[in-house]
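Subject: Structure handover

Hello,

Here is the structure I said I would pass on. My notes follow below it.

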Amino acid sequence: MESEEVTTVRARPEPIRAVPVRHPGRWVTVAVLAVLAAMFVHVLVTNDAFNWSFMVDKMFRPPIIEGLLRGTVLMTVSAMVIGVALGVVVAIMRLSDNPILRGVAWLYTWFFRAVPRLVLLAVFGNIGILWSRIEFGVPFDTQLGQLFGIDNLQLRLFGFSSRDILTGFMAGLLGLALSEAAYMAEIVRAGIQSVDPGQTEAAQALGMSRGQLLRRVVLPQAMRVIIPPTGNETIAMLKDTSLLLYVPVSVELFFQLDAVGKRTFQIFPMYVAACLWYLFLTSILLVGQYFLERHFGKGYGPAGRARLRLRTIAAEQGGGGGQGAVG
Amino acid sequence: MSELIPTQTGAPAAESELMVRAEQVHKSFGHIEVLKGIDLEVRSGEVCCLLGPSGSGKSTFLRCINHLEKINAGRIWVDGDLIGYRERGGKLHELREKEVAAQRRAIGMVFQRFNLFPHMTALENVIEAPVRVKREPKAAVRERAEALLARVGLADKMGNYPGQLSGGQQQRVAIARALAMQPKLMLFDEPTSALDPELVGEVLDVMKDLARDGMTMIVVTHEIGFAREVGDTLVFMDGGVVVERGNPREVIANPRHERTKTFLAKVL
């Protein structure tokens, strides 16, 4: 007891004022980088082939802006919405007890992950070569009809001309969304599997159905794992809309820039414009992703946990009565 | 404990007061037989404590009662309902997922690791099942949930997320969550084993309070003191069988079986 008292009485020592460690290497690095940056600016400014004024003049033209809004932004949003929704369905099928659903889901992800997006888009863009009309109905209807002696039996529910529907935007959307669903299915599956099985048991013990426990308990917790890679997927999708050039989708940013470049023999300035536009768009998405991750990380992760602990401590000091929180 | 004559169909004579009846329950995981024929009867309002070394199958048996585990042989009835199956024309039919869920509504369960929903506040945890599963009006459930949380001593923690609560507080929320479904039977799977020693008491107090109110409880526990004080029966399990059963005070004071003696000597 006595020794403790002595320590409390002793005077507080001087705060430490030490000379910090020097980092000469950092200054050398900065100097080298400054020279490299100057060289880069030199190239940009002195090479006339960049043709900056031409680029700035052309890159805000209405066809290009329209291509950006419809072919890039709208396409990204639509493809991701369909891709995420379908991906969740495929992921749940993949985790189902039904072996047939599992098999179908596996086949789906295998096919759409194995074929490159560019090839997939070219295929969807040219599907009209195979079928001029796409119709839905009873399979093998004509052949079945012949078995019963009916000539040219057609049991079709509805159909459409593939040249009307499956060209341009729709073909591109189909290709991108279906391929995205395969990747999203894997992401969602990983998210669902990351949730503690005790959560499912607790929900079952309360009498929840499989649908309820997925919707109310498992998926909200899986979101924390699903959101960050989905942000990356969205950014990748935005960039992959430039592949629509091969469908082709004419109302699209890169198609338009490329066309202007080829028409005016000013290819490089238009490619630089494409770089700048994609940089601008992905930067916006990066900001959005930051806030999304912060929102869904609530109550988890080092930052979230620290914030919660602070709030708990504040509450305990204010409220009192409770036991100490265990972090 | 009167020995019941097993009948293939129809309810046993003493059913009205029997809450749980298990008959020759067998359960295997792969080649390992965990339960080798468990018989158990728990009367309405009784507190039954399951005791035994780890690996004796007591938690597995508890999980069989609400069909979290499928049994390989035997029968379990809760309040007269055969759990997990329907007997028709001398054949057993598996119940649909919905029907199993309906049976589970009447059986509350408290887990060793609490298993609260971390994305919901304490109050939301308690409200969730009555509103979603039983489709009760939210206002009424909310009132009941607040009363329950107050009863377990957490009136001031309703808006807190599980991550902001201590283990003992979390377990008390978990008990309130199970009670909100107004169950006929409560299953406790080592409710204090994951807690710091100083937090065990607050959870046991809530359970004692519940027992005094006449709740039927089956408690898997290592808390000998709780079993002696609150338990009506004590069932000692080892190696997948019931070794000894009886009044907790008598069994703990003079165990008849060698296995019970050595176990109690280690934990007391």
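This is a predicted model.

Surface of chain A

Seven side chains make up a nonpolar surface patch of about 750 Å²: A:Val138, A:Phe140, A:Leu144, A:Leu147, A:Phe148, A:Ile150 and A:Leu155. A:Leu155 sits in the loop that runs between α7 (141-147) and β2 (156-161) of chain A. Its relative accessible area is 39%, so A:Leu155 is classed as partly exposed. A:Phe140 is in the loop between β1 (133-137) and α7 of chain A. With 62% relative accessibility, A:Phe140 counts as exposed. The backbone of A:Phe140 also deserves a look: phi is positive, about 60°, although the residue is not a glycine.

Contact between the chains

Chain A and chain B bury about 2500 Å² between them, and 53% of that area is on carbon and sulfur atoms. Chain A brings 29 residues to the contact and chain B brings 36 residues. There are 2 salt bridges between the two chains. In one salt bridge, the side chain of A:Arg216 meets that of B:Glu128, at 2.7 Å from N to O. On the side of chain A that touches chain B, at least two residues come from each of α10 (197-205), α11 (210-240) and α14 (301-319). The helix that gives the most to this side is α10(A), with 7 residues.

Backbone features

The peptide bond that joins A:Val247 and A:Pro248 is cis, with omega about 0°. A:Pro248 belongs to the loop between α11 and α12 (253-264) of chain A.

In chain B, B:His67 has a positive phi near 65° and is a residue other than glycine. The loop that holds B:His67 lies between α1 (58-65) and β4 (73-78) of chain B. Its relative accessible area is 10%, so B:His67 is buried.

Helix α4 of chain B (residues 138-151) contains B:Arg144. Is B:Arg144 buried or exposed? B:Arg144 has a relative accessible area of 19%, and because buried means under 20%, B:Arg144 is buried. Leaving aside residues up to four places away in sequence, B:Arg144 touches B:Pro130, B:Glu136, B:Ala180 and B:Gln182.

B:Cys49 lies in strand β3 of chain B, residues 47-51. At 0% relative accessible area, B:Cys49 is buried. Residues up to four places away in sequence again set aside, B:Cys49 touches B:Val219, B:Phe226, B:Ala227, B:Gly231, B:Thr233, B:Leu234 and B:Val235. One of these, B:Val219, is 170 residues from B:Cys49 in sequence, yet the two are 4.7 Å apart in space, C-alpha to C-alpha.

If you want a place to start, open the model at A:Phe140, which is part of the nonpolar patch and has the positive phi. The salt bridge of A:Arg216 and B:Glu128 can then be used to find the contact between the chains.

Regards

Conventions. Residues numbered from 1 in each chain as written. Chains lettered and ligands numbered in written order. Predicted model: local features only at pLDDT ≥ 70, side-chain atom pairs only at ≥ 80, totals over all residues. Heavy atoms only, no water. Patch = residues over 30% accessible without salt bridge, like charges linked within 9 Å, V, L, I, M, F, W, Y side chains within 5 Å. Areas by Shrake-Rupley, 256 points an atom, 1.4 Å probe, with all protein chains shown as cover. Salt bridge = Lys/Arg side-chain N within 4 Å of Asp/Glu carboxyl O. Helix = DSSP H or I, 4+ residues; strand = E, 2+ residues; numbered from the N terminus. Buried < 20%, exposed > 50% of the residue type's maximum accessible area, 1.4 Å probe, protein only. Contact = heavy atoms within 4.5 Å. Buried area = accessible area lost by both parts, 1.4 Å probe.
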